[in-house]
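Work through the following exercises with the sequence and the structure open beside you. Try each task before reading its solution.

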Amino acid sequence: MPETLKRNIVMMGAPGSGKGTQSAVLSEKLGINAFSMGDILRGVARGTDEEARQVKALIDKGNMVPDQLAIRLMEKELFKPENQNGYILDGFPRELSQAKALDKALNSRKYAKYNMGIDLVLLLQVPDDYVIDRIIGRYACAKCHTLYHEKFKQPHVFGICDVCGGKEFTRRADDTFETVVSRLRLFRRVTAPVIPYYEMKGLLVCVDGTGPIDVVSEKIRKIVGY
Ligand code: AP5
Ligand code: MG
């Protein structure tokens, strides 16, 4: 691998900006693990205990889960052995307090030896009207969770998942117009302050996320250096 290759990557952007889509491309090209805090929380929400019920109620309405929970889940996932050679972290941090908690964990006595410090923070920039269009048309394979879109990314054979051959598809409960508008508001109010934090550290690179998926992937390829 080239010396300049970025392997420890944080993916930021508004809801529907393409974080999950581009994380999947990077994961395949670099052969490293991508994980989304949203996916982890939807997994938690499928449980049957009180925590599952509370998480489901929060994420279905587009509200953030409590910081301590998000931080605990991030630490549990990030420091697994399979991520020690590189990772793509999608949807975390989403608040300044989470960004600081991530730095603290990466520099802690327990984990600093793995050299997992962030190499790059990619910020996908997409105007609100694009985001709404993308989220309202989004669906995913029920089995392997590959993302599709009614207008922008249909499976090659209609009704059959390209990746696993699954024939059932699902939509997210938080993908309604009202919820997207409130998620966008939350992004501006709570997540946007994380952007200057990474800018000051010299880690942030902004990417115009408005073009077709492969055009955005190409821009990211050049930044990541593969
Ligand atoms: P999460 O699942 O992370 O949702 P999000 O941030 O709102 O982002 P999305 O997953 O909706 O969008 P995306 O940017 O991944 O876009 P995608 O690639 O799918 O989080 C869900 C919830 O969990 C949060 O609301 C919150 O409640 C909670 N949560 C998560 N993290 C948390 C944290 N750290 N702390 C507290 N709470 C937390 O693309 C969208 C669609 O567009 C797809 O259909 C795709 O096919 C299509 N598309 C993608 N790129 C393009 C393109 N270039 N052109 C055309 N179509 C495209
Ligand atoms: Mg996503």
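A residue counts as buried under 20% relative accessible area, as exposed over 50%, and as partly exposed in between. The model is predicted, and the exercises below rest on values computed from it.

**Exercise 1.** Decide whether T191 is buried or exposed, and find which backbone atom lies 2.9 Å from a polar atom of its side chain.

Solution. 
Step 1. Locate T191: this residue belongs to helix α7, which covers residues 177–191.
Step 2. Compare its accessibility with the cut-off. T191 has 6% relative accessibility, so it counts as buried.
Step 3. Look at the side chain. A polar atom of the T191 side chain is 2.9 Å from the backbone oxygen of R94. A polar contact is a pair of N or O atoms within 3.5 Å.
Step 4. Check a separation in sequence against one in space. T191 and I223 are 32 residues apart along the sequence, and their C-alpha atoms are 23 Å apart.

**Exercise 2.** Describe the surroundings of ligand 1: how many residues surround it, and which backbone atoms lie at 2.8 Å or 3.0 Å from its atoms?

Solution. 
Step 1. Count the shell. Ligand 1 is surrounded by 35 residues, and the closest are T21, N63, R94, R138 and R183.
Step 2. Sort the shell by class: 16 residues are nonpolar, twelve are polar and seven are charged.
Step 3. List the backbone atoms. For G91, a backbone N or O atom is 3.0 Å from a nitrogen atom of ligand 1. For G211, a backbone N or O atom is 2.8 Å from a nitrogen atom of the ligand. For Y148, a backbone N or O atom is 2.8 Å from an oxygen atom of ligand 1.
Step 4. Consider the cover. On its own, ligand 1 exposes 1,000 Å², and the protein buries 97% of that.
Step 5. Assign the shell to elements. Those that give two or more residues are α1 (19–30), α2 (37–45), α6 (128–136), β6 (147–149) and α9 (213–224). Helix α2 gives the largest share, four residues.

**Exercise 3.** Find how many aromatic pairs the structure holds, and examine the pair formed by F79 and Y111.

Solution. 
Step 1. There are five aromatic pairs in the structure.
Step 2. Classify the F79 and Y111 pair. The ring centres are 3.6 Å apart and the planes make an angle of 5°, and the pair is stacked. Planes under 30 degrees apart count as stacked.
Step 3. Check the accessibility of each. F79, at 8% relative accessibility, counts as buried, and Y111, at 12%, also counts as buried.
Step 4. Turn to the cluster. Y139, Y148 and F169 are linked into a cluster by ring pairs. Over the ring of Y148 sits the charged end of K153, 4.9 Å from the ring centre.

**Exercise 4.** Identify the backbone features at P93, N115 and H145.

Solution. 
Step 1. The peptide bond from F92 to P93 is cis, with omega near 0°. P93 is in the loop between β3 and α5.
Step 2. N115 is not a glycine, yet its phi is positive, about 50°. N115 sits in the loop between α5 and β4. Its relative accessible area is 61%, so N115 is exposed.
Step 3. H145, also a residue other than glycine, has a positive phi near 70°. H145 is in the loop between β5 (138–141) and β6. At a relative accessible area of 46%, H145 is partly exposed.

Methods. Residues numbered from 1 in each chain as written. Chains lettered and ligands numbered in written order. Predicted model: local features only at pLDDT ≥ 70, side-chain atom pairs only at ≥ 80, totals over all residues. Heavy atoms only, no water. Near = heavy atom within 4 Å. Polar contact = N/O pair within 3.5 Å; in protein donor to acceptor, adjacent residues only side chain to side chain. Areas by Shrake-Rupley, 256 points an atom, 1.4 Å probe, with all protein chains shown as cover. Nonpolar A, V, L, I, M, F, W, Y, C, P; charged D, E, K, R; others polar. Phe/Tyr/Trp six-rings, centres within 6.5 Å; stacked < 30°, edge-to-face > 60°. Buried < 20%, exposed > 50% of the residue type's maximum accessible area, 1.4 Å probe, protein only. Lys NZ or Arg CZ within 6 Å of the ring centre and 35° of its normal.
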